[in-house]
Structure formats: structure tokens, C-alpha cells
Amino acid sequence: MVEVQGQISGSTAAAIAESVRDLVAVGHFRPGDSLPPIRTLAGDLDLNRNTVAAAYRQLVSMGLAVTRSRAGTVITALPQPDTELDPAPGAVDLAGGNPDSALLPDLYAAVSASRSEPSVYGAPAVHPGLEDVAHHLFDDAPAGELVITHGAVDAVERLLAAHLIRGDLVALESPCFLASIGTIRLNGYRTAAVAVDEHGMTPDGLDRALRDGARAVIITPRAHNPTGASLNTVRAQKLSVLLESYPEVLVIEDDHLSMVAAAAYHRVTPATTHRWALIRSMAKFLGPDLRVALTYTDPLTADALGARLRAGKTWVSHLLQGAAAHMLTDPDCMTLVDSARVAYQRRLTDLTEELLQHNIIPFGVPDGLNLWIDLPAGVDAGMLHTQLARAGWATQPGHIFTAGDAPPPNALRVTTASLDQPTTGHFAAALARLLQAP
């Protein structure tokens with residue numbers, strides 16, 4: 001314990017908490033340091049122990065400290081979200097989760113072709129051309145307001161910040177998209193892990209999360225990352241019925257793959273929900289560097305998001321919005337998007353068939369860019385991941401996608417976006433050899 005009791009000051013809980021914050025800011029307390037025991041600090045400050053206890057509770061609610069049974073109240077470090085593992089040099093990259101760059105339009109050409117008068121302070125936050133094409137192309141989106149965000153991850157973080165406070169419970173799929181896991185940790189929310197089966201988020205899991213007090217739900221309606229699962233009509237309806245009884249819960253549908261998903265979109269959010277958002281990123285079919293996502297929301301949520309994205313503040317670049325509008329109306333670009341959707345599904349199917357030839361059964365009916373492989377009991381995913389890397393194949397071990405306290409899955413995620421036919425067969429054979437080895 002750092003001996004700074006005499007430096008902590010204050011006669012109220014709020015003042016003591018502010019004093020500790022100041023000491024952390026100047027480095028007297030560091031992550032992992034224990035604060036003085038409540039009884040000790042109360043005696044030093046000549047205060048009731050309840051006052052000091054209240055101050056420590058404030059520090060915990062701020063995310064500045066955490067209470068541990070034996071160590072007492074401890075200064076916290078900034079959470080470090082898990083990241084996907086980088087491929088080894090020279091390995092075939094089946095790990096990155098990226099779209100095939102050969103199936104992405106030329107962003108620089110689109111920026112040039114969409115040139116117009118420079119946008120200045122006071123211009124509308126949403127580029128008029130993008131708003132027009134969004135309503136035309138995404139006519140399955142619910143009636144609501146359109147907000148443009150800096151990608152899907154930015155949209156999720158802003159949505160949660162607009163409606164939640166630290167410590168609120170958020171229902172997440174498990175396994176889950178890593179960026180969503182990181183957003184929850186970094187913002188001090190708690191995670192209610194909801195299992196995923198071949199049809200996506202499970203009703204029983206969502207029911208438990210809602211009963212436990214979840215204030216928000218993040219759900220992937222199709223091409224779930226990492227498993228590739230998509231909701232069907234029946235599953236979407238079951239989830240919607242559950243949510244009807246919780247109109248106060250924020251429902252976020254992250255339809256990240258949208259135009260290159262093979263499965264249809266089935267809406268989960270019921271009409272009773274007051275706060276909702278449907279997010280459609282442009283990253284997977286127009287390019288990750290575009291940093292543009294269409295976010296459809298209820299009017300009040302749109303106002304909350306727009307408060308930080310209005311003209312004169314931090315609107316999404318009209319240069320990028322104009323490029324997106326151009327690509328979404330360009331026939332050649334849309335033909336390429338259609339080709340990408342067909343190619344991604346074919347590559348998933350090809351790998352599935354090759355794996356089945358070796359009696360390796362992938363998870364469900366995958367859609368999108370990734371395929372999930374549950375491993376037999378006795379096979380360690382981490383070790384298999386390492387063995388594949390040594391053999392020149394980069395994959396991702398399933399445990400890094402674990403949300404909250406859910407059991408880590410013993411599985412591999414394989415990105416199939418850029419797989420060609422010969423490589424598909426070679427990988428399936430290599431995986432089969434390692435699974436059959438002692």
C-alpha cells in the first residue's frame with residue numbers, strides 16, 4: 001500500500017473522492033495501488049467510517065477504483081481489450097477478418113469523381129446525396145432518422161454513451177465481435193453474455209440477460225462475426241417478442257455486412273422499443289478506410305447522436321460521404337458489390353465442402369467473411385492455432401472472442417474472404433492432419 005494517507009484530504013465523501021482523483025492524476029497513486037483501509041483513513045481524517053466508505057464507492061462508480069476482498073479498494077488501470085492476433089510473417093492470412101481488397105471499389109477514384117463545392121461550417125451534417133441514396137438502397141430499414149457516423153464501432157460507442165451510465169449491464173453475443181467487447185470494457189459497462197447458436201443470439205440467453213437488468217442489447221442480425229450465423233424469421237420473431245416486455249431497453253442491431261451478406265435482414269427490434277438503432281457500415285463492401293456508417297434511429301436517439309455530429313463540430317467528412325454516395329449509385333461499383341457477395345458465399349461453401357471431406361464439420365450455415373470451427377474435446381484451440389501458424393496458416397483462436405464471464409469457446413475462426421480454390425484444399429488438408437496427429 002502507498003503511504004499517502006496524510007495527503008488524502010476532505011471532510012465529505014465528494015471531497016475525499018476528488019482528493020484521491022488528484023493524487024492519481026499527479027502519480028502518487030498508480031494502477032494496482034491499494035487505498036488506505038476505510039477505518040485507517042477515517043481515523044486520520046477524524047471522520048465517520050461511512051463517509052470514507054461513501055467516497056470509495058464514488059471512486060468505484062467513476063471507474064477509478066475497484067473493490068477486492070483482501071486487497072481492499074484498489075486503483076484501476078485502463079482496461080486493455082483483447083485484439084486479434086497478427087499473422088506470422090509469410091503465413092497465409094486466414095485471420096484478419098478483412099474483405100478481399102480485389103473486390104473493393106477504387107476509393108480514390110470515387111473521391112475524385114464526387115468532387116463538389118467544399119463543405120464549410122454550417123453545412124448539413126448528412127451529405128444530401130448520401131441521404132437520398134441511403135433511403136433508396138436500404139428501403140428495408142425502419143422509418144426513422146438517418147445519422148452518419150465514423151463507422152459502426154463509433155456508432156455503437158456513441159449510442160451507448162447517449163443512453164447508459166458506468167456499471168450498466170449490456171447484453172452481448174458470446175462469442176462476440178472484439179470491438180464490441182472492447183467498447184464495453186473501456187466505457188465501464190458490465191457484460192451479460194448471451195450464447196449464440198446456428199441461428200444467432202439465443203432466446204433463452206437474451207431472456208436471462210433482460211431479467212438480470214440489461215439496459216442495452218447489441219445484436220448482429222446476419223453474418224455474425226466470428227461465427228457467420230444469421231437470424232432467420234422464426235429466431236428474429238422470438239427475440240422481438242422477448243424485447244416487447246422491455247420497452248426501456250436500448251436495442252442496437254449491427255448489420256455490419258448488409259449489402260454483401262447472403263442472408264436476408266430480419267428485424268429484431270419490436271415496435272414497443274423506445275430507443276433503437278440499426279447500423280449499416282460501408283466498411284465491408286466499399287472499404288474499411290471509408291469510415292462511414294449509416295445509422296437509422298428513433299428521433300430522440302438521433303438528436304442525442306447528432307448533438308456531437310452537427311455542423312461546426314465533428315460531422316463525418318462530406319468528402320467521404322460524397323464518395324460513398326457516388327459508389328452507391330455507380331453501376332460498375334454496384335456490379336462489383338454484387339460480385340463480392342457471390343464470391344464470399346462461394347468461398348465459404350468451398351471451404352465447408354473441403355472440411356466435410358475430412359470429417360470436419362463447421363458451425364451452422366456461415367454467411368459473410370468468416371467460418372467458425374468448434375474443436376473436438378481434447379484438442380486445445382490455442383495449441384492448434386500455434387501449430388497452424390508454424391505450418392504457415394494464420395487463424396484466430398476462439399477464446400479471444402469471449403464476452404464477459406462466458407466459458408471460452410474451444411474453436412477456431414477462419415477468414416475465407418480471399419481464399420482461392422487451391423488454397424482452400426491445402427488448408428483443409430493441413431487442419432485435418434493436425435487434428436489427427438497425437
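These notes cover the salt bridges and cysteines of a predicted model.

1. **Overall count.** The structure holds 11 salt bridges.

2. **Glu-18 and Arg-21.** These two side chains meet in a salt bridge, with N to O at 3.4 Å. Both residues belong to helix 1, which covers residues 13-25. They sit 3 residues apart, about one turn of the helix. Glu-18 counts as partly exposed because its relative accessibility is 36%, a value between the 20% and 50% cut-offs. Arg-21 is also partly exposed, at 40%.

3. **Asp-154 and Arg-158.** Here the closest N and O atoms of the salt bridge are 2.9 Å apart. Helix 6 (residues 152-163) contains both partners. The spacing is 4 residues, about one turn of the helix. Is this pair buried or exposed? Asp-154 is buried, and Arg-158 is buried too.

4. **Glu-253 and Arg-267.** This salt bridge has its closest N and O atoms 3.3 Å apart. Glu-253 lies in strand 9 (residues 250-254), while Arg-267 lies in the loop between strand 9 and strand 10 (276-281), so the pair ties together parts that are 14 residues apart in sequence.

5. Arg-267 has a relative accessibility of 26%, so Arg-267 counts as partly exposed.

6. **A network.** Which residues are linked in a network of salt bridges? They are Asp-140, Arg-222, Asp-255 and Arg-280. When viewing the model, display these four side chains together.

7. **Cysteines.** How many disulfides are there? The count comes to 0, where a disulfide would need a pair of cysteine sulfur atoms within 2.5 Å. Cys-176 is buried, with a relative accessibility of 3%. Cys-333 is buried as well, at 6% relative accessible area. Both values fall under the 20% cut-off, and that is why these cysteines count as buried.

8. **Recap.** The Glu-18 and Arg-21 pair lies within helix 1, and the Asp-154 and Arg-158 pair lies within helix 6. The bridge between Glu-253 and Arg-267 instead joins strand 9 to the loop between strand 9 and strand 10. Disulfides number 0.

Terms used:
Residues are numbered from 1 along each chain as its sequence is written. This is a predicted model: local features need pLDDT of at least 70, side-chain atom pairs count only at pLDDT 80 or more; totals for chains, interfaces and linings use all residues. Side-chain values use heavy atoms; hydrogens and water are left out. Helices (H or I, at least four residues) and strands (E, at least two) are DSSP runs, numbered from the N terminus. Buried means under 20% relative accessible area, exposed over 50%, partly exposed in between (1.4 Å probe, protein chains only).
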